[in-house]
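Please go through the side-chain contacts of the model shown here.

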Amino acid sequence: MILAPSILNADFSRLPEQVKAAAAAGADWLHVDVMDGHFVPNITFGPVVVNGLRRMVDLPLDVHLMIDNPDAFLSAYREAGADWLTVHVEAAKHLWRTVDTIHALGAKAGVTLNPATPLGHLEPILGQVDLVLVMSVEPGFGGQKFIPSALDRIAQLAEWRRLRGFSYLIEVDGGIDQQLAGAVIQAGVDVLVAGYAVFRQPDIAAAIQRLRTCKKDS
């Protein structure tokens, strides 16, 4: 399992301290939720924040673009230090071209979709991507409750991958805690995004270890 703490739930008055603590405790990636106030209601991080993270820690930066017209910003986020760029099928009007652009920039390409969008909308592109992100909450806000149907979507993606010989990683984001981590791993998840369960805990290292223990129990 790859553990990717989400900085959306970090304490921004202590961001360098918390990010470095997560890295020291064994986090594999950092997950960065980019919101533009249009595709989703909130506004979060521009490329300057990604560049700051790049200088804080030597971890892969997993950037989830919850924005309209993501093609216009791919280069900026890649140049800032993004290693993985994930776009929404609802926002990328020419998804194949967007995925090709991400690869041409030297980054790994991810795709995702809102919880109510049929999973089949991703089928045509699955053989071309490196990662599929399952949103287990509505995009745009941290701290939401896990949507149970995400487990079925994870299992379906794992089955398609097995049957068709694809190699994409399956990532889940939203409402993940110690109780849910084992269930999503059993369903087929490779990358676990956790925000509140890491950065809002009194001991970040202990929180990461608890999530690691779920892997052993699953």
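The paragraphs below take up the aromatic pairs and then the salt bridges of this predicted model.

A pair of aromatic rings is described by the distance of the centres and the angle of the planes. The structure holds three aromatic pairs. One of them joins Phe 12 and Phe 45, with 5.5 Å from centre to centre and 40° between the planes, a tilted arrangement. Phe 45, at a relative accessible area of 8%, is buried.

Another of the pairs is made by Phe 166 and Tyr 168. This pair is also tilted: the centres are 6.1 Å apart and the planes form an angle of 45°. Phe 166 is partly exposed, its relative accessible area being 26%. For Tyr 168 the relative accessibility is 0%, so this residue counts as buried.

Turning to charged side chains, the count of salt bridges is six. Among them is the bridge between Arg 212 and Asp 28, whose closest N and O atoms are 2.7 Å apart. Arg 212 belongs to helix α8 (residues 204-217) and Asp 28 to the loop between α1 and β2, so this bridge ties together parts of the sequence that are 184 residues apart. Arg 212 is buried, with a relative accessible area of 18%, because the cut-off for that class is under 20%. Asp 28 has a relative accessible area of 27% and is partly exposed.

A further salt bridge connects Arg 54 with Asp 83, with 3.0 Å between the closest N and O atoms. Arg 54 is part of helix α2, and Asp 83 lies in the loop between α3 (74-80) and β4 (84-88), so the parts tied together are 29 residues apart in sequence. Arg 54 is partly exposed at 24% relative accessible area, and Asp 83 is partly exposed at 25%.

Which helix holds both Arg 162 and Glu 159? Both residues lie in helix α5 (residues 150-164), three residues apart, which is about one turn of the helix. Arg 162 counts as exposed, at 57% relative accessibility, whereas Glu 159 counts as partly exposed, at 31%.

Definitions and conventions
Residues numbered from 1 in each chain as written. Predicted model: local features only at pLDDT ≥ 70, side-chain atom pairs only at ≥ 80, totals over all residues. Heavy atoms only, no water. Phe/Tyr/Trp six-rings, centres within 6.5 Å; stacked < 30°, edge-to-face > 60°. Buried < 20%, exposed > 50% of the residue type's maximum accessible area, 1.4 Å probe, protein only. Salt bridge = Lys/Arg side-chain N within 4 Å of Asp/Glu carboxyl O. Helix = DSSP H or I, 4+ residues; strand = E, 2+ residues; numbered from the N terminus.
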